[in-house]
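Colleague: I am new to reading protein models and would like to learn how to look at one carefully. Could we go through one together, feature by feature?

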Amino acid sequence: MTNTTSLWGQAAAPSKPAAAMAAATTEPDLTPSRPLYDGKLGELYVIYLRHLMLMLLTLGWSRFWGRTRIRRYLWNHFAILGDRFEYRGRGIELMVGFVLALLLIAGWGGLMYLVWIYVFHERPFASFGLFDIFTLSVALIGFPLAYVGHYAGLRYRLSRTRWRGIRCGLAGSAWRYGAAATFLTFANAITFQLLTPVVSVNLARPRITNTRFGSLPFIFAGGAGDIYGRYIGYYFLNIIAWLVAAGIFFTAIGGAVGSLGISFTEEEFQKLFTRPSLRTILLVAALAIGLYVVFSLLILPLRCWWQAYLFRYLVSHSRAGNVLFATAISTRQMWGFLVLNYLIVVLTLGLGWPWVMHRTLRLIAAELWLYGAPDGASIRQPTDLGPRYGEGLLDMFDVSGV
Amino acid sequence: MASLARFYDGETALVHDVSVRTTANELVIFRLADAGILARWPIGELAMLGDIQHEVTPPIVRKGSEARLVVDDPELRRQLASLVPQLAPLAGTRTPPARRIAAFGATFAALVGLFWLAVDYGTEYAAPLLPYSLQVKLGESVFDELTADKAECHGEGGVKALNDLANRLAKAADYPHEIAVHVMEGGPVNAFTLPGGILVFYFDLIDQAKDGAQVAGVMAHEIGHVVHYHPMKGLVRQYGIELLVKLVSGGYSDLLSTLASGGNVLLALRNGRAFERDADATGVALLEKLEIRADGIASFFEQMMAKEPKDSAAVAGIWSSHPPTAERIDATRRPSSGKPPFSDAEWKAVRNVCR
């Protein structure tokens with residue numbers, strides 16, 4: 001039986017009757033706790049700026065090591081039940097993964113060259129060159145490969161993550177996940193996004209149920225049917241919100257232009273855009289902010305409302321053995337996660353990344369609740385060491401955060 | 001109360017509250033509750049994972065084992081650090097970040113500046129140094145792409161006359177490589193230059209030219225691009241700035257690259273306008289050096305202006321790849337004195353190059 005009383009245990013003091021009941025029967029121990037994140041933004045920036053500096057000096061080749069250092073810092077400043085996570089990936093593993101993906105693409109390019117030589121050389125379509133074939137085909141294979149890379153990247157990160165000395169892992173085939181994700185996304189697109197709950201649940205399920213902590217698998221007990229009602233509501237509210245937002249915006253512009261009595265000749269109008277004065281730039285900025293305000297007031301909260309709901313649903317239908325998960329993340333917090341984080345990155349030209357990562361981990365630490373503790377004695381170290389290289393495809397086809 | 005240390009056995013997910021004792025050559029790990037010994041690790045096989053800057057409590061391991069000892073208590077950490085040489089870094093503390101942020105930040109900003117300068121000015125010198133065969137290969141492949149759906153004209157005397165003039169002009173600028181002129185059927189009324197000394201004329205331009213001097217003017221302008229390696233420089237500069245943006249965003253975000261590509265386009269256009277001015281000036285200078293009449297560039301522009309009085313380059317302003325045409329006419333206006341660029345027979349052949 002593990003019984004660690006520690007600095008980080010944030011167990012709520014159990015009320016007396018509940019404690020008495022637990023002693024009398026064989027009810028599961030559902031002591032609530034939250035993770036603890038105690039990273040410091042300043043320290044994270046030291047690591048990040050050093051990484052950026054080396055990126056410039058090495059023309060980007062240091063990124064594998066930089067990423068690894070950032071992960072080590074974040075993982076080890078994140079603790080559950082008083083035990084810190086450990087990230088033991090190595091930069092060289094990421095680099096080998098990247099080089100392998102590069103070779104894969106080079107191989108594909110060679111294949112396309114042969115196709116071009118033997119199939120298209122007579123030029124059935126006059127302006128269809130080698131470069132077009134390559135770009136088109138990479139776009140085609142890149143879409144499913146991004147999903148495959150996502151899954152494989154998750155597997156790599158989990159296999160390099162330890163808690164209480166035990167490795168995590170991800171079972172299942174990345175290719176099958178890639179195929180399912182491609183199919184579902186495509187089906188969703190041709191049904192006007194009406195399949196979104198099916199897509200969300202069916203892409204979350206393999207990722208959750210294949211996750212392992214040592215020998216302990218995670219369990220997901222959700223279904224798309226549970227969330228369809230809310231989604232349909234969101235779907236139609238979203239359409240209405242778009243119409244209202246467009247209406248407000250155009251009325252406002254029309255009103256402003258009309259009331260100020262501004263009218264442009266064609267020439268003045270052209271001059272406005274090609275020789276922008278400070279006043280024009282400010283005006284355009286004001287318009288952009290206005291558009292952003294209208295858009296963000298109506299559309300984005302709605303989206304965050306749905307995303308927060310979906311996230312609460314997915315988390316609270318997952319468990320690991322007898323540890324239950326729950327979150328009460330609110331629409332506002334989801335806005336901070338999705339919209340504010342995006343703005344931070346864009347407005348700081350990327351320098352805000354550490355801040356965004358810091359905010360995200362603080363959010364998780366504040367809003368993720370665990371009930372109970374794992375039965376340490378029954379969880380074994382996995383025999384499987386995980387993939388030898390990591391994240392090559394992810395690096396190639398997709399934006400990968402930490 | 002904080003624990004002294006935790007021991008993870010590496011086989012199960014159990015956590016043991018432990019303390020340690022060191023003997024002459026061993027680290028003995030024992031349970032706090034009942035002093036039961038959990039592990040005896042030879043001092044020589046101890047190692048520390050990570051460092052104090054990234055990990056809060058770098059785990060202590062025995063080499064080859066999955067078990068971990070995490071020492072929470074600072075005093076116990078100090079003791080171990082002083083007793084075991086490999087664990088000495090455990091006693092370190094983190095330096096306050098402010099000064100290091102300032103140092104790394106300043107270095108980073110300086111490097112961004114240097115990189116920018118290197119890209120903006122370095123291409124001036126680096127682009128011509130690229131192996132010429134590579135430039136030719138690149139130019140030829142772009143030529144194939146751009147002209148795949150057009151027919152090339154091969155009127156013998158015409159192509160030869162154009163190539164002769166082009167190579168005379170290039171030689172006058174001490175350009176060490178051969179120039180290849182291609183004439184494509186149809187329009188637009190334009191000519192352009194590709195890497196590797198490849199010049200492309202559309203026949204509509206030749207057709208609408210009033211005399212040989214105008215064609216020679218356009219030709220001299222394009223040779224100006226060639227001898228300054230403008231096509232190569234443009235390419236290198238564009239990729240350089242793209243790379244810089246990628247690096248500055250830490251390799252994390254494609255979003256920023258998208259955002260930055262807008263700025264990059266404006267920059268390329270600004271460079272483009274500077275290139276055009278250079279090419280105009282060089283073109284006129286080369287014609288004058290060969291004592292060929294150099295009024296062709298200005299008169300060709302005037303003819304274009306008369307046809308289409310609205311100056312699209314001036315209208316487009318910062319979005320234009322070329323400077324305003326009126327400005328270019330003023331800069332290139334020359335008297336009509338000098339030798340004709342083509343003999344009568346040559347000019348006739350050029351006019352008939354597509355027939």
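Predicted model: local features only at pLDDT ≥ 70, side-chain atom pairs only at ≥ 80, totals over all residues.

Colleague: How many helices and strands does chain B have?

Modeller: Helices (H or I, at least four residues) and strands (E, at least two) are DSSP runs, numbered from the N terminus. On that basis chain B has twelve helices and eleven strands.

Colleague: In what order do the strands of the open sheet in chain A lie?

Modeller: Two strands pair if DSSP finds at least two bridges between them. In chain A, eleven strands form an open sheet with antiparallel pairing, in the order β1-β11-β10-β9-β8-β7-β6-β5-β4-β3-β2. The edges are β1 (32-33) and β2 (36-37) of chain A, each with a single partner strand, so one side of each has no neighbour in the sheet.

Colleague: Which residues of strand β7 of chain B are buried, and on which sides?

Modeller: In a regular strand the side chains alternate between the two faces of the sheet. A residue is buried if 20 or more other C-beta atoms, placed from the backbone, lie within 10 Å of its own, exposed if 12 or fewer, and partly exposed in between. In strand β7 (residues 68-71) of chain B, both faces are covered, with B:R68 and B:V70 buried on one side and B:L69 and B:V71 buried on the other. Strand β1 (residues 5-8) of chain B pairs with β7(B) in the antiparallel sense over four bridges, and one of the residues concerned, B:Y8, has B:R68 as its bridge partner.

Colleague: How should I read two packed helices?

Modeller: Two packed helices are described by the angle between their axes and the distance between the axes. Axes are lines fitted to C-alpha atoms, for helices over the stretch in contact, and angles run from 0 to 180 degrees between N-to-C directions. Angles under 35 degrees count as roughly parallel, over 145 as roughly antiparallel, 65 to 115 as roughly perpendicular and the rest as oblique. Between the chains, helix α2 (residues 41-57) of chain A and helix α2 (residues 97-126) of chain B have axes that come within 9 Å and cross at roughly 25 degrees, which means that α2(A) is roughly parallel to α2(B). Within chain B, the axes of helix α4 (residues 156-172) and helix α12 (residues 344-351) come within 7 Å and cross at roughly 115 degrees, so α4(B) and α12(B) are roughly perpendicular.

Colleague: Which residues have the most contacts inside the largest nonpolar core?

Modeller: A nonpolar core is a set of buried Ala, Val, Leu, Ile, Met, Phe, Trp, Tyr and Cys residues joined through C-beta atoms within 7 Å. The largest one has 46 residues, and B:A166, B:M219, B:A220 and B:I223 have the most contacts inside it. Its largest share, nine residues, comes from helix α6 (residues 212-227) of chain B. Apart from this core lies another of 28 residues, including A:L54 and B:F104.

Colleague: Is A:T191 buried or exposed?

Modeller: A:T191 is exposed, because 11 other C-beta atoms lie within 10 Å. A:T191 sits in the loop between α6 (174-190) and α7 (196-209) of chain A.

Definitions and conventions:
Residues numbered from 1 in each chain as written. Chains lettered and ligands numbered in written order.
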